[in-house]
Amino acid sequence: MKVREGMMTELVTASPWETAAEVARKMRDQKVGCVLISNEGKLLGLITDREITIKCVAEGWNPQNTRIEEIMTRNPYTIAPDFEMAEAARLFGQRKVRRFPVVEDGQKLLGILSIADVAPDFKTYFDGIFHELVEWRHEPKGQHSGWESTCTH
């Protein structure tokens with residue numbers, strides 16, 4: 001399955017000159033924890049509810065006056081729409097992020113992929129592996145085929 005098939009396309013976006021308070025209200029109203037910062041369809045960055053809390057509120061900055069561009073994550077890791085979901089899952093672990101903006105042709109924003117979006121693929125994958133291991137374990141001794149001969153005890 002491709003990222004294009006699993007990504008969310010109903011995006012919550014903000015302009016870099018909006019304030020932290022305005023973006024926080026968008027998060028509340030849309031029930032999201034991440035807003036993509038863009039200008040004319042081009043991704044500039046992203047901001048999470050946690051970043052507003054840590055980089056703005058906890059530092060004593062006034063959310064009513066702090067422009068989001070002052071605290072957003074610039075140049076976030078992104079992913080292309082034609083990547084395989086399995087590859088995306090690997091990248092989540094490698095990059096240690098929870099979300100990837102999906103872009104093409106440079107920074108043209110298409111969607112967002114969250115780690116939760118790839119979870120069903122992982123469940124199917126690991127269910128299959130578990131099933132194979134259970135079957136292998138219950139084969140009569142000496143009847144195993146495949147990789148077990150490479151294992152040592």
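What follows is a set of questions and answers on this predicted model.

Me: How many helices and strands does the chain have?
Reply: The elements run along the sequence in the pattern α-β-α-β-β-α-β-α-β-β-α. That makes five helices and six strands.

Me: What is the mean pLDDT of the chain, and where is confidence lowest?
Reply: The mean pLDDT is 85, and 78% of the residues reach 70 or more. Residues 147–153 stay under 50, with three contacts beyond four places in sequence. Among the elements, helix α2 (residues 20–30) has the highest mean, at 97. The lowest, at a mean of 66, belongs to helix α5 (residues 115–137).

Me: What share of the contacts with a separation of 6 or more comes from residues 24 or more positions apart?
Reply: The chain has 153 residues, and buried ones make up 33% of them. For the contacts in question, the share from residues 24 or more positions apart is 53%.

Me: Is V103 buried or exposed?
Reply: V103 sits in strand β5 (residues 99–104). Beyond four places in sequence, V103 contacts L43, T78, I79, A80, P81, K108 and L109. Its relative accessible area is 6%. Buried means under 20%, so V103 is buried.

Me: What separates the C-alpha atoms of V103 and K42?
Reply: These two residues are 61 residues apart along the chain. In the model, their C-alpha atoms are separated by 8.8 Å.

Me: Which residue stands opposite V102 in β6?
Reply: Strands β5 and β6 run antiparallel, joined by six bridges. Their hairpin has three residues between the strands, and D105 there takes a positive phi near 50 degrees. Opposite V102 stands G111.

Me: Why is β6 described as largely enclosed?
Reply: Strand β6 covers residues 108–114, seven in number. The rest of the structure largely encloses it because the buried residues number five of the seven.

Me: Which elements do the buried residues of α2 pack against?
Reply: The buried residues are A20, A21, V23 and M27. Seen down the helix axis, they fall within an arc of 165 degrees, so they line one face of α2. An α-helix has 3.6 residues a turn, so residues three or four places apart point the same way. The packing partners of the buried residues are β1 (13–14), β2 (34–39), β3 (42–48) and α3.

Me: What is the phi of K31?
Reply: K31 follows α2. Most residues other than glycine have a negative phi. The phi of K31 is positive, near 55 degrees.

Me: Which backbone oxygen lies 2.8 Å from a polar side-chain atom of T66?
Reply: T66 is in the loop between α3 (49–57) and β4 (73–74). T66 is buried, with a relative accessible area of 6%. Beyond four places in sequence, T66 touches E18, T19, A20, C56, W61 and I71. The backbone oxygen at 2.8 Å is that of N62.

Me: Which residues does S15 touch, not counting those up to four places away in sequence?
Reply: S15 is in the loop between β1 and α2. The cut-off for buried is under 20%, so at 19% relative accessibility S15 counts as buried. The residues S15 touches are I37, S38 and I68.

Me: Which residues form the aromatic pair, and how many degrees lie between their planes?
Reply: A search of the whole structure finds one aromatic pair. F92 and F100 form it, at 4.7 Å centre to centre. Both F92 and F100 are buried. The pair is tilted, and the angle between the planes is 40 degrees.

Me: Is E40 buried or exposed?
Reply: E40 is in the loop between β2 and β3. Its phi is positive, near 55 degrees. Exposed means over 50%. The relative accessible area of E40 is 81%, so E40 is exposed.

Me: What is the relative accessible area of N75?
Reply: N75 is in the loop between β4 and α4 (85–95). N75 is not a glycine, yet its phi is positive, at about 50 degrees. N75 is exposed, and its relative accessible area is 67%.

Notes:
Residues numbered from 1 in each chain as written. Predicted model: local features only at pLDDT ≥ 70, side-chain atom pairs only at ≥ 80, totals over all residues. Heavy atoms only, no water. Helix = DSSP H or I, 4+ residues; strand = E, 2+ residues; numbered from the N terminus. Buried < 20%, exposed > 50% of the residue type's maximum accessible area, 1.4 Å probe, protein only. Contact = heavy atoms within 4.5 Å. pLDDT = per-residue confidence, 0-100. Pairing = 2+ DSSP bridges. Polar contact = N/O pair within 3.5 Å; in protein donor to acceptor, adjacent residues only side chain to side chain. Arc of directions from axis to C-beta. Phe/Tyr/Trp six-rings, centres within 6.5 Å; stacked < 30°, edge-to-face > 60°.
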